[in-house]
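Reader: I have a structure open and would like to go through some of its residues. Can we take them one at a time?
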Amino acid sequence: MAPVPDPKSVGGGAKRDGATTKVKAPKKKEEDLSEEDLELKQNLELNVERVQDPNPELQKAALESMSQEIRASTSSMTSVPMPLKFLRPHYGTLKDCHKKMAESDLKKLLADILSVLALTMSAEGERESLGYRLTGSGGDIGSWGHEYVRNLAGEVAVEYTIRQVQESSIVDLMDLVRQIVAFHMKHNTETEAVDLLMDVEDLDLLLDHVKQTNFRRTCNYLTSAARYRPWPDDMLALDIAYMIYMKYKAYPNALQIALLLDNMQYVKQVFTSCTNLLRKKQFCYMISRHGITFNLDPEMVEDEVDRQRLQDIVNNTKLNEGYLTLARDVEVMEAKRPEDIYKAHLLRVSSGPVVDSARQNLAATFVNAFVNAGFCQDKLVTVPIDSTSGSDGHWIFKNKDDGKTSAAASLGMILLWDVEALDQLDKYYTSSDIPVSAGALLGIGIVNCGIKSDCDPALALLEEYINDEDSSVRICAIMGIGIAYAGSQNDQIKSSLFPVLNDTKAPLDVIAFAALSLGMVYVGSCNDEVAQSIIFALMDRNAADLAEALARFLPLGLGLLYLGKQESVEATAESSKTLCEKIRKYCEMTLLSCAYAGTGNVLKVQELLAQCGEHLEKGGDIHQGPAVLGIAMIAMSEELGRDMAIRSLEHVLQYGEQNIQRAVPLALGLLCISNPKMNVVDTLSRLSHDTDSEVAMAAIISLGLIGAGTNNARIAGMLRSLSSFYDKKASLLFCVRIAQGLLHMGKGLLTLNPYHSNRVLLSPTALAGIVTLLHACLDIKSIILGKYHFVLYFLVLAMQPRMMLTVDENLKPISVPVRVGQAVDVVGQAGQPRTITGFQTYETPVLLAAGERAELATDKYIPLSPILEGFVILRKNPHYREE
């Protein structure tokens, strides 16, 4: 054992002396200073003594000398400047001196110096820097350096809040804010100027300070920050961004903000302010992609011929043409059979003789419809009826009863967006076979989805069947109208469907679809008349009716009226509290989740999570399903919120009751729709083998949703192995087939993502279609596996080509090189950073996956829109010279 050293011994003493020396070391610091620093220190100390001198001339010279030294050292602050270090011990002395001085210019000059010294010396929360600044001379704020201005901005924000509570005057503060904002805008720190103005609730000041050089950076930050602001501050921020874009004639960006605000007056203002007809055509493409109904008037476009051409673009009449151009370019025109999707030969399982099963045929119908959507040809339903085998040999008639409905409607999917081909449905909707006739009526609605026309062919054909004797025909006609006119706010439809909704003798399923279709047509409109009508329909029904699976469509129709409208839902939410107990809570959750969809409102997410955390008895927990979906609907607006929601849902899955576990896969499917994220794919893959068959079904459908239109090889492999795993379980195998159809939707050319225009805009009709399917999947056995499987066709509302198609000034497709890469968030970054990374160069038209962005790889053309998605008009660059 080592001997213990004696603390009194020489060695111990040496150590102690060494320690003492280390403690005393700072006293030698003065000797370590360079000659310049030592001289500076002595000068500053001399100036501090002179400030206390009664002679005003000496005081003035001392203060000016100190001021000059501090200004010279704080202009670019990387560490605490020497003058501030040396004056630190004298801060108290100078403060006392300031108190004793009589009011004069010298006192103000000393206040300026103290304001800068307080930057490093004042106690936290005292706001001394601001206090001395307000009593100082008020000279150029920037001369004291950037760090001083930033510190002052922080103190101003705190002081403003305190004064607002005390209801004191803020005039002097606002004068200072103007100086700070002017400094920030001049020195490329627009983000800090915007933050300060948000804190003092005066964003209007930005309009006076933005310049041509920085308005885009400012507006980008405003738009991004708006996502994290509470209502109505978010709308105010977007309003200011719109005004700035209009001020600098950045019309495409202004239109994007106008659509985000859902303000049709602003949209009209963009059209009237812009004089270039070609630019107006680009605006029309942007509006048509958003999926809203918009009518041009002579004030927006004077010439009648031009106005009609532009209206055709808004009406989406060229969508099918552009989609087929893309398909021809990527060489996928050849029709695919369901067997080509299943790829059963890869499974190495010995299959017995092929038997025509009604459930298998129905699954094949949906797979065929999704895979060949919009191609106008397939190998099942567009095949002409053979005269030898008669109609019985045709695919539609290989299905049973309600299966024929979906099979006939699938023809509408094949002919999607091609209104000219409606005559192919004639022979079916006049058929004496009622399910076939009903399906054809739904097919008419599907063909017209997103396509507007002056003659309204869908309404003309479907309206007469709304009051048909057969309820299946009525349901398909009503659903067809809902799909064809989603978002149109057509009052003729309201007057046609109101009698159905208010008919107490009508079956519940007819009323449910009537409410849902009205919700679709008036999506996000906050129409009180429709809302009252749906509430009365809910009140008229008894508890037994409301216990049925389809009753959930009534509250959903009501919720869609307020999609994304936040506070506007409150009056209706109060009215819904008078409803029957069976449906009241379900209605409340649905209204809440729809109203705050896409807002990222954290408080509402917490409210919904609290509902999911309750452990209730069976029967009283029906509302928890929509609460889980609501979390996804609210959090899907931006990546950070989405990732946090995915983590929260993992916990909910672990601790929630069975009905919550059934909803979680659907919520995950919505959060990552058409965007197969690895961690979510793994979670869903695990849940697809769950012992509860409904959890497994929901997970399988969600695998299809997150891979929709991507042809993702990993998900394709999973679904193939699931098809062999569930080979003997018809219901689960049906879900696997649906997921396979969704995965290869449009042969990989379509997307279900409701977000577009660089994820800034959320299409209300697209979200309405997806949410309707998810609510139906909350009771998958009664609805999707029951006789209402055709609700799967509501997804058509969200189906859009995931393309970038460049057209010339005559709107004819042209091929140009573009770089496609992963989008990078450059908001608030200095300079002009690249907006994409890991790019590859292609010739247009090109496919854009989730999270990808395109930019032109040539200077020969100038795009008329900064958002390179969908149809993009290119104008020749007059300054381009061939090398």
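Author: We can start with Gln 489, which is partly exposed because its relative accessible area is 41%. Buried means under 20% relative accessible area, exposed over 50%, and partly exposed in between, using a 1.4 Å probe and protein chains only. This is a predicted model: local features need pLDDT of at least 70, side-chain atom pairs count only at pLDDT 80 or more, and totals for chains, interfaces and linings use all residues. Residues are numbered from 1 along each chain as its sequence is written, and side-chain values use heavy atoms, with hydrogens and water left out.

Reader: Where is Gln 489?
Author: Gln 489 sits in the loop between α26 (471–484) and α27 (491–501). Helices (H or I, at least four residues) and strands (E, at least two) are DSSP runs, numbered from the N terminus.

Reader: And what is the phi of Gln 489?
Author: Its phi is positive, about 55 degrees, although Gln 489 is not a glycine. Most residues other than glycine have a negative phi, and most peptide bonds are trans. Asn 188 also has a positive phi, near 60 degrees.

Reader: Is Asn 188 buried or exposed?
Author: Asn 188 counts as exposed because its relative accessibility is 55%. It lies in the loop between α10 (171–186) and α11 (190–199).

Reader: OK, peptide bonds. Which residues does a cis one join?
Author: Trp 231 and Pro 232 are joined by a cis peptide bond, with omega about 5 degrees. Pro 232 is in the loop between α13 (215–226) and α14 (233–247). Thr 844 and Pro 845 are also joined by a cis peptide bond, with omega about 0 degrees. Pro 845 is in the loop between β7 (836–843) and β8 (846–847).

Reader: Back to Trp 231. Which Gln is it in contact with?
Author: Gln 566. Leaving aside neighbours within four places in sequence, Gln 566 is in contact (heavy atoms within 4.5 Å) with Trp 231, Asp 234, Met 235, Ala 595, Tyr 596 and Thr 599. The side chains of Gln 566 and Asp 234 are joined by a polar contact of 3.5 Å. A polar contact is a pair of N or O atoms within 3.5 Å; within protein, one must be able to donate a hydrogen and the other to accept it, and residues adjacent in sequence count only if both atoms are side-chain atoms.

Reader: Is Gln 566 buried or exposed?
Author: Gln 566 counts as buried because its relative accessibility is 5%. It lies in the loop between α31 (553–560) and α32 (570–576).

Reader: New topic. How many aromatic pairs are there in the whole structure?
Author: A search of the whole structure finds 15. Rings of Phe, Tyr and Trp (its six-membered ring) pair if their centres lie within 6.5 Å; planes under 30 degrees apart count as stacked, over 60 as edge-to-face and the rest as tilted. Tyr 285 and Phe 871 form a stacked pair, 4.8 Å centre to centre with 10 degrees between the planes.

Reader: Where do Tyr 285 and Phe 871 lie?
Author: Tyr 285 is in helix α17 (residues 277–290) and Phe 871 is in strand β11 (residues 870–876), so the pair links distant parts of the chain, 586 residues apart. Tyr 285 is buried because its relative accessible area is 8%, and Phe 871 is buried because its relative accessible area is 12%.

Reader: Which rings link into a cluster?
Author: Ring pairs link Phe 513, Phe 553, Tyr 788 and Phe 790 into one.
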